[in-house]
Amino acid sequence: SFGLSAPTPELAGGARYHSSEEECALGPACWLWDYLRRSGASGFFLPLSGGADSASVAAIVGTMCELVAAEVRARGPSSPVAKEAKRIVGGAVASNDLGDPKVLANAVLHCCYMGTAHSSVATRTRARDLAGQIGAHFDNIELDRVTDAVLWVFSKFVSGGKEPRFLSRGGTLAEDLALQNIQARIRMVLAYLLAQLLPWVRNRQGFLLVLGSANVDEGLRGYMTKYDCSSADLNPIGSISKLDLKRLLKWAAHKYGYQALAEIEGAAPTAELRPDTDEGTAQTDEEDMGMSYEDLGFYGRLRKVDRCGPVSMFAKLCRVWSDPKGPGRAGRVLLPSEVAEKVKYFFRMYSINRHKMTTLTPAYHAESYSPDDNRYDLRQFLYNARWPRQSRVIDELAARMEAEQASLKPPAPII
């Protein structure tokens, strides 16, 4: 066979199930290899931001190279996998070096940090270190002149000289979002330019497949710019939640020695698309989304696995979040009215961003909580974002539950 199969350690007396971390790494790694060898491409291009999502994709490609190299070492340079690898890399790697995962990664994985004036030294360093530990080819570019040129065209020919400003610099929310989105979309344009021309720059033949890195939570919440780096040829993590990806990062750091992943796993997720506030507060994903990734995990599983709409999700979360020892509560109990606001806000964000689901990059779907696969989901994507009937029922239930809780409280002691 030309394909790969993830190794499963043998245990006496029965089969072995892979851990969740192994499934997140090994399944997409085999999928990427199969797609790469069938597509005729000569490798992958990945915008590497120094954050958890793109780092997870890099780790998965690194896992793919580890599997291929192990197969070559085990079966020799004349094995089917070795011949496929030689065909893909062309003359970039000698046959005797195909068993070295770092040498193989340098030939097939091309990473680029696409920085702006709002990017930090920390994310730039983490991206560079991770690419080096995997063995990938790495470039570091600045986008400010490109974004400035686009904004100059807008100011010169459209706005009559008016220049948009970030919210923290006195602009409106519309200006702020537009300035963030133009940075994100320029990254996609440059990603495809680099995917076509990097082989030429390195004196090689062929083209590269662009890898996306939008996780399941971002797809569900709609927390992504349409046609930014979430738009790609393939997305290995499109069905995996942020919390599961962070577990994958820990696993790969230990398994393959990609030590930069441990630092990336502990960093707060941030898009780095706007300047810090005057108080020095940095942009964070969870603040922008208005919800935590842990809460998003609940919403995603209840919506897809348990097939919950707004009302049934509210009822279930009231039970889960009324337990101070429950997951993610840290001793804090949520009132029904608080749960109601969280559920209504989630469904509003989910519904107004459904149009983004129709353009999601093809992803490796392995989890039952993954977003609807847009290739087969024929349901409407234009919802009434206010969810009026469901919101009314949720509010009535919350008021009734809190009234019942109040009536059960013991009377105050008489002093």
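1. The accessible surface of the protein chain is about 20500 Å², by the Shrake-Rupley method with a 1.4 Å probe. Carbon and sulfur atoms hold 55% of that surface. Of the 415 residues, 48% are buried (under 20% relative accessible area; exposed is over 50%, partly exposed in between; 1.4 Å probe, protein chains only).

2. This is a predicted model: local features need pLDDT of at least 70, side-chain atom pairs count only at pLDDT 80 or more, and totals for chains, interfaces and linings use all residues. Side-chain values use heavy atoms, without hydrogens and water.

3. The largest nonpolar core has 61 residues (a core is a set of buried Ala, Val, Leu, Ile, Met, Phe, Trp, Tyr and Cys residues joined through side-chain atoms within 4.5 Å). Phe44, Met64, Leu130 and Leu261 touch the most other members. Helix 2 (residues 52-75) gives the most to this core, 12 residues. A second, separate core of 25 residues includes Ala340, Val343, Phe346 and Tyr350.

4. There are 18 salt bridges (a side-chain nitrogen of Lys or Arg within 4 Å of a carboxyl oxygen of Asp or Glu). Glu71 pairs with Arg75, with the closest N and O atoms 2.6 Å apart. Both sit in helix 2, 4 residues apart, about one helical turn. Glu71 is partly exposed at 23% relative accessibility; Arg75 is exposed at 59%.

5. Asp295 and Lys342 meet in a salt bridge at 3.0 Å, N to O. Asp295 lies in helix 12 and Lys342 in helix 14, so the pair ties together parts 47 residues apart in sequence. Asp295 is buried at 5% relative accessibility. Lys342 is partly exposed at 30%.

Technical notes
Residues numbered from 1 in each chain as written. Helix = DSSP H or I, 4+ residues; strand = E, 2+ residues; numbered from the N terminus.
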